[in-house]
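User: Hi! Could you walk me through this structure while I have it open?
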Amino acid sequence: MISVDDMSYGTLRLLEVDNRVIIPRHNSIRVLVSSSDVLHSWAVPSLGIKMDAVPGRLNQVTFMIPRRGLFYGQCSEICGSNHSFMPIVLESVPFKVFETWVSNYIVD
């Protein structure tokens with residue numbers, strides 16, 4: 001979560017993150033969810049996604065985003081101090097933009 005001091009004009013308080021999850025649009029996306037400490041609930045309501053992360057379990061959710069844009073969510077369980085303010089931001093981009101983004105993280 002970005003602190004209030006670091007926010008720029010137009011960002012959403014308590015919803016903006018340091019690193020967005022970049023995903024390609026018009027592609028089937030599978031997310032594997034787990035936890036190492038307490039229960040979490042990975043939720044992005046505008047996409048109809050809510051998945052619980054349970055310690056020692058591996059859950060999965062599959063979805064497809066048909067349009068470009070930003071999709072905001074939060075941890076929807078009260079699983080610890082400040083966890084109700086754990087934001088999630090998915091950014092849906094064309095596949096070519098996704099390829100470029102991924103290629104910046106590939107280690108030779």
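**Chat notes**

Analyst: Happy to. Let me start with Ser-92, which is buried, with a relative accessible area of 1%. Buried means under 20% relative accessible area, exposed means over 50%, and partly exposed is in between (1.4 Å probe, protein chains only). Before going on: this is a predicted model, where local features need pLDDT of at least 70 and side-chain atom pairs count only at pLDDT 80 or more, while totals for chains, interfaces and linings use all residues. Residues are numbered from 1 along each chain as its sequence is written, and side-chain values use heavy atoms, with hydrogens and water left out.

User: Good to know. Where does Ser-92 lie?

Analyst: Ser-92 belongs to strand β7, residues 87–93. Helices (H or I, at least four residues) and strands (E, at least two) are DSSP runs, numbered from the N terminus.

User: And what does the side chain of Ser-92 reach?

Analyst: The backbone oxygen of Arg-67, at 3.0 Å. That is a polar contact: a pair of N or O atoms within 3.5 Å, where within protein one must be able to donate a hydrogen and the other to accept it, and residues adjacent in sequence count only if both atoms are side-chain atoms. If we skip neighbours within four places in sequence, Ser-92 is in contact (heavy atoms within 4.5 Å) with residues including Ile-23, Ile-65, Arg-67 and Phe-71.

User: What about Val-93, buried or exposed?

Analyst: Buried, at 3% relative accessibility. Val-93 is also in β7, and its C-alpha atom is separated by 8.1 Å from that of Arg-67, 26 residues apart along the chain. The bridge partner of Pro-24 in β7 is Val-93.

User: Switching to the sheet: what's the strand order?

Analyst: Five strands make an open sheet with mixed pairing, in the order β1-β7-β6-β3-β4. The edge strands are β1 and β4, each pairing on one side only. Two strands pair if DSSP finds at least two bridges between them. On average, neighbouring strands of this sheet are turned by 25° against each other, direction ignored. For angles, axes are lines fitted to C-alpha atoms, for helices over the stretch in contact, and the values run from 0 to 180 degrees between N-to-C directions.

User: Which residue other than glycine has a positive phi?

Analyst: His-26 does, at about 60°. His-26 sits in the loop between β1 and β2. For background, most residues other than glycine have a negative phi.

User: Which residues touch the most other members of the largest nonpolar core?

Analyst: Of its 15 residues, those are Ile-23, Val-31, Trp-42, Val-44, Phe-63 and Leu-90. Strands β2 (29–33), β3, β4 (49–53), β5 (59–63) and β7 each supply at least two residues of this core. A nonpolar core is a set of buried Ala, Val, Leu, Ile, Met, Phe, Trp, Tyr and Cys residues joined through side-chain atoms within 4.5 Å. Trp-42 touches Val-31, Ile-88 and Leu-90, among others, not counting residues up to four places away in sequence.

User: Nice. How many salt bridges?

Analyst: Two, counting a side-chain nitrogen of Lys or Arg within 4 Å of a carboxyl oxygen of Asp or Glu. In one of them, Arg-20 meets Glu-91 (3.4 Å, N to O). Arg-20 lies in the segment before β1 (21–24) and Glu-91 in β7, so the pair ties together parts that are 71 residues apart in sequence.

User: Which side chains meet at 3.7 Å?

Analyst: Lys-96 and Glu-99, N to O. They are three residues apart in helix α1 (residues 95–103), separated by about one helical turn. Lys-96 is exposed at 63%, and Glu-99 is partly exposed at 37%.

User: Last one: which strands does α1 lie across?

Analyst: β1 and β7, running at about 135° to β1.
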